[in-house]
Amino acid sequence: MIAQLILTGLLGGILLYAWGQYRRAPVIGLVSMLAALTGLYFVWFPAQASRLAALVGIGRGVDLILYVWVVISLIVLLNLHLKLRAQMELITVLARQLALANASSQSTRT
Amino acid sequence: MIGRVIADVRRRGFSAVLVDDGSADATPEIAERAGAVVVRHPVNLGQGAALQTGIEFGLRNGAEFVVTFDADGQHRAAEIETLIDALTESRSDFALGSRFLGATVNLPLSRRLLLKAATWFTRVTSGLRVTDAHNGFRAMTRRGASRIRLRQNRMAHASEFLEQIARSGLPYVEAPVTIEYSEYSLAKGQKLSDALSILLDLSVQRLQR
């Protein structure tokens with residue numbers, strides 16, 4: 001029961017994070033939410049996880065949940081990468097404006 | 001090399017803009033002495049970012065046409081007129097240089113195959129009927145240039161450029177150009193590993209708004 005509560009808390013946190021990201025990166029947000037909801041379902045209905053795991057040939061239900069967790073982590077990593085790219089775009093715009101302003105002030109002086 | 005390239009362009013009566021993308025050597029000084037206007041990025045941003053900066057500089061300074069031209073000596077300044085003539089004669093907004101309609105000198109077979117694969121990929125993804133997808137030698141009208149907003153700072157800008165041409169709906173034309181490969185330009189050119197990172201960059205960009 002304790003483990004279920006802790007996992008619910010963690011997955012709930014991921015769900016909120018994914019909801020917050022939905023507007024910025026819809027695909028990432030949606031996939032993260034789906035993965036977190038699937039994880040929550042399996043935490044509370046482990047027998048279903050075991051049945052599904054046996055169906056797809058994984059073995060134990062707990063392994064399936066672990067895999068879901070890994071997938072969520074990878075998606076969060078991808079989202080982080082997208083954020084870094086967005087920041088790089090902002091830096092590029094700033095650097096470009098600086099370069100163009102310096103070039104025009106130089107050509108005014110000469 | 002850079003001094004010779006810029007002197008060639010200037011001799012033909014065109015303005016030359018060099019975007020210094022954080023060079024550690026004397027490239028900007030040499031370019032300036034050869035007659036180029038040098039726009040300096042405060043930090044290294046990448047080839048795509050430099051290209052966009054050059055285009056914006058041209059637009060801000062009233063350029064009627066903007067031509068992108070590699071500084072490694074593989075393009076011929078004499079063919080700038082070929083591209084501009086193609087623009088005006090066909091009333092297009094973009095004239096794309098094609099080495100496969102024109103000629104190549106010292107193009108290795110592996111590079112030829114890589115370029116053919118890139119062209120096929122571009123035709124499928126952008127719908128543009130082009131024969132050469134990764135040719136940095138192109139000309140555009142002021143209207144065409146104002147529709148280009150490159151966000152790919154690194155190597156993927158060539159594919160992004162064509163995607164934006166397709167999205168703009170403006171007319172384009174291909175014109176034959178000569179690309180001359182030397183040891184110097186081959187060392188600076190794209191490799192198979194670059195092609196993979198280009199594909200990755202283009203895929204990741206589709207996940208962003």
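Predicted model: local features only at pLDDT ≥ 70, side-chain atom pairs only at ≥ 80, totals over all residues.
**Entry 1. The contact between the chains.** I noted 17 residues from chain A and 18 residues from chain B in the contact. Next I asked which helices of chain A supply its side. The largest share comes from α4(A), with 14 residues. I then sorted the chain A side by class. I counted 11 nonpolar, 3 polar and 3 charged residues there.

**Entry 2. The make-up of chain A.** I turned to the secondary structure. Chain A has 4 helices and 0 strands. Reading along the sequence, I wrote down the pattern α-α-α-α.

**Entry 3. The spread of chain A.** I checked the radius of gyration and got 22 Å for chain A. The globule rule gives 13 Å for 110 residues. The value for chain A is well over that, so I recorded the chain as more spread out than a compact globule. I also took the spans of the C-alpha trace along its principal axes. They come to about 80 × 25 × 20 Å for chain A.

**Entry 4. Burial and contacts within chain A.** What share of the 110 residues in chain A is buried? I found 25%. Last, I looked at contacts in chain A with a separation of 6 or more. Of these, 47% are between residues 24 or more positions apart.

Technical notes: Residues numbered from 1 in each chain as written. Chains lettered and ligands numbered in written order. Contact = placed C-beta atoms within 7 Å. Helix = DSSP H or I, 4+ residues; strand = E, 2+ residues; numbered from the N terminus. Nonpolar A, V, L, I, M, F, W, Y, C, P; charged D, E, K, R; others polar. Rg over C-alpha atoms; globule rule 2.2 N^0.38 Å. Buried ≥ 20, exposed ≤ 12 C-beta atoms within 10 Å, placed from the backbone.
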